[in-house]
Amino acid sequence: MAFDGITIAAVRKELSDALTGGRVYKIAQPEPDELLLTIKNNSSQYRLTLSASASLPLVFLTGKNKTSPMTAPNFCMLLRKHIQNGRILSITQPGMERILNFQIEHLDEMGDLRTKQLIVELMGKHSNIIFCDENNMIIDSIKHISGMVSSVREVLPGKDYFIPHTQDKENPLETERTQFMERVFSGAQPCFKALYTSFTGLSPAIAHEICYRAGGNADLSTAALDEDSRQALWEAFSHMMEEVRTEHFSPCIVYEGGSRGADAQEAAASGRSLSVPEEYAALTLTSYPPALRKDYTSISALLEDYYAEKNTVTRIRQRSSDLRRIVSTALERNVKKYDLQIKQMRDTEKRDKYRVYGELLNTYGYSAEPGAKSLTCPNYYTGEDITIPLDPTLSAGENAKKYFEKYNKLKRTFEALSDLTLETKAEVEHLESISTSLDIAQKEEDLVQIREELIESGYIRRKGPARGKKVKITSVPFHYVSGDGYDIYVGKNNYQNEELTFRFATGGDWWFHAKGIPGSHVIVKSRGEELPDATFEDAARLAAYYSKGRGNEKVEVDYTEKKNVKKPAGGKPGFVVYYTNYSMMIDSNISGLKQVET
């Protein structure tokens with residue numbers, strides 16, 4: 001997750017295409033470290049966000065407006081005085097630095113044509129927006145940096161502006177093969193680290209991608225590469241830089257699902273939510289499987305979506321942290337309990353052996369010598385001889401009684417565990433389904449039903465004045481429309497699954513669910529018609545996406561008519577049985593499906 005030099009190159013191209021020649025119509029400063037410029041160009045109006053936030057420095061075009069303070073800050077007033085109604089001459093990026101320079105032409109108070117520079121530096125905690133004249137003298141900046149704060153460069157009115165060179169890195173767009181080989185292979189370090197520490201504008205994600213395209217392991221030491229591998233790394237690097245030079249950008253977001261490359265498939269099966277954006281880049285990250293990747297045509301749209309989704313997910317994760325902790329603790333406890341019960345069940349498998357020992361001793365014990373440690377006799381169940389261990393201090397009859405006591409004890413244990421293991425397994429599956437519901441939740445109201453389910457299951461005690469009162473539920477299932485126009489509904493949690501399947505759906509509607517793993521119930525309203533094959537595939541993709549198998553290349557999905565789905569007696573909410581069904585293997589990519597906002 002880095003606003004690196006390649007991302008800024010893509011932003012520069014998009015802004016240059018849209019804004020060059022445009023006029024700065026409005027200037028606002030909605031946040032202490034953020035500007036919002038309204039620019040008119042080619043009969044269109046654009047909003048440009050410039051943020052120098054230490055935690056989230058950004059530049060992108062947006063369709064959203066922001067409320068500004070009643071009294072504009074001094075920096076905003078200064079910009080309005082100088083460049084409001086000014087014309088944008090160019091937008092440039094020096095080398096591959098994380099810097100954008102807006103050259104703006106305007107008329108001064110005497111009516112003379114002047115040029116100013118609005119420089120946006122996107123450097124993490126050192127980010128700033130600096131306003132300079134044509135001679136590179138700083139007029140003002142959104143953040144003042146004195147010599148007490150930085151020994152490298154002061155950013156104060158009247159000071160000369162320059163780009164600080166605090167790192168010895170090369171411009172990757174100007175790097176030749178010999179130079180590349182010298183920089184990358186001068187020492188022993190992981191390949192991806194050697195790349196992003198040697199060249200300006202490369203993030204770790206891009207460095208990983210270069211290594212993947214070269215067919216190598218990003219974590220492998222540069223000292224371990226042979227000549228062919230070094231050449232492959234150079235060719236992958238050179239090809240990517242050519243994409244940047246020719247401005248062939250292909251922005252994408254990748255979602256949580258594990259590792260890069262071949263290991264991503266196994267990691268995606270871990271069930272981590274695909275709704276959590278993990279990384280983005282201005283070039284296609286082929287090191288992630290397509291099912292985890294969403295492609296964009298606009299870098300601004302990507303940035304706006306990425307940070308909106310990231311903020312939403314972060315907020316929901318914070319709100320649901322207590323529920324996640326409760327579910328995780330209960331799940332861990334029940335898994336340990338189930339493993340112990342299974343181990344005890346395996347121990348009871350010896351019970352029939354002890355019964356046979358007892359019966360054979362009652363039959364052939366008379367032939368045992370006093371003080372013998374074993375007895376070999378025919379086993380009339382198998383027709384073969386068997387050797388029975390004996391306690392030499394006991395008679396044959398007493399040994400038989402001891403074996404029958406062991407048999408009866410293990411038999412009682414088996415009978416008790418047969419029910420207990422089923423109950424514990426059902427509880428584990430129930431908790432796993434709640435965990436999946438927490439991953440699916442997108443809004444705070446989606447958490448209300450999950451909390452209610454945990455209260456009903458005894459994991460949370462209802463507190464305060466809400467005790468005994470009915471909780472207001474505002475969360476509703478997801479609603480999609482298939483490519484053929486059929487309505488598809490997806491439950492967000494077990495209560496919604498139960499409602500969809502047994503109250504909302506009718507007998508002729510179709511029911512979908514990922515096979516053998518926690519996930520949502522998906523209902524297709526058939527309208528009494530025969531569904532097209534494409535609609536079956538759309539519904540199956542939704543069942544795969546809203547399940548623990550999300551992000552896998554292929555997920556097996558069961559589907560049947562709703563009339564074949566039954567509720568088991570005493571079953572947990574959302575748990576069903578069915579004996580007549582079809583199955584299909586499908587990916588979990590739902591990018592082509594239209595969601596109906598509710």
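A residue is called buried under 20% relative accessible area, exposed over 50%, and partly exposed in between, with a 1.4 Å probe and protein chains only. The model is predicted, so local features need pLDDT of at least 70 and side-chain atom pairs count only at pLDDT 80 or more, while totals for chains, interfaces and linings use all residues. Residues are numbered from 1 along each chain as its sequence is written, and side-chain values use heavy atoms, with hydrogens and water left out.

**First selection: R12**

Select R12, which lies in helix α1 (residues 5-19); helices are DSSP runs of H or I with at least four residues, strands are runs of E with at least two, and both are numbered from the N terminus. R12 has a relative accessible area of 17% and is therefore buried. Beyond its neighbours within four places in sequence, R12 is in contact with I91, T92, Q93, L100 and E247 (contact: heavy atoms within 4.5 Å).

**Next: aromatic pairs**

Rings of Phe, Tyr and Trp (its six-membered ring) pair if their centres lie within 6.5 Å; planes under 30 degrees apart count as stacked, over 60 as edge-to-face and the rest as tilted. The structure holds 25 such aromatic pairs. One of them is Y306 with Y307, edge-to-face at 4.9 Å centre to centre with 80° between the planes. Y306 is buried at 0% relative accessibility, and Y307 is buried at 9%.

Move on to F536 and Y559, a tilted pair with 5.5 Å between the centres and 50° between the planes. Because F536 belongs to helix α14 (residues 533-545) and Y559 to strand β19 (residues 555-561), this pair ties together parts that are 23 residues apart in sequence. F536 is buried, at 11% relative accessible area, as is Y559, at 13%.

**Next: charges over rings**

Select F180, F185, F199, W234 and F237, which form one aromatic cluster. R230 lies over the face of F185, 4.3 Å from the ring centre. A charge sits over a ring if NZ of Lys or CZ of Arg is within 6 Å of the ring centre and within 35 degrees of the ring normal. At Y486, the charged end of R527 sits over the ring, 4.1 Å from its centre.
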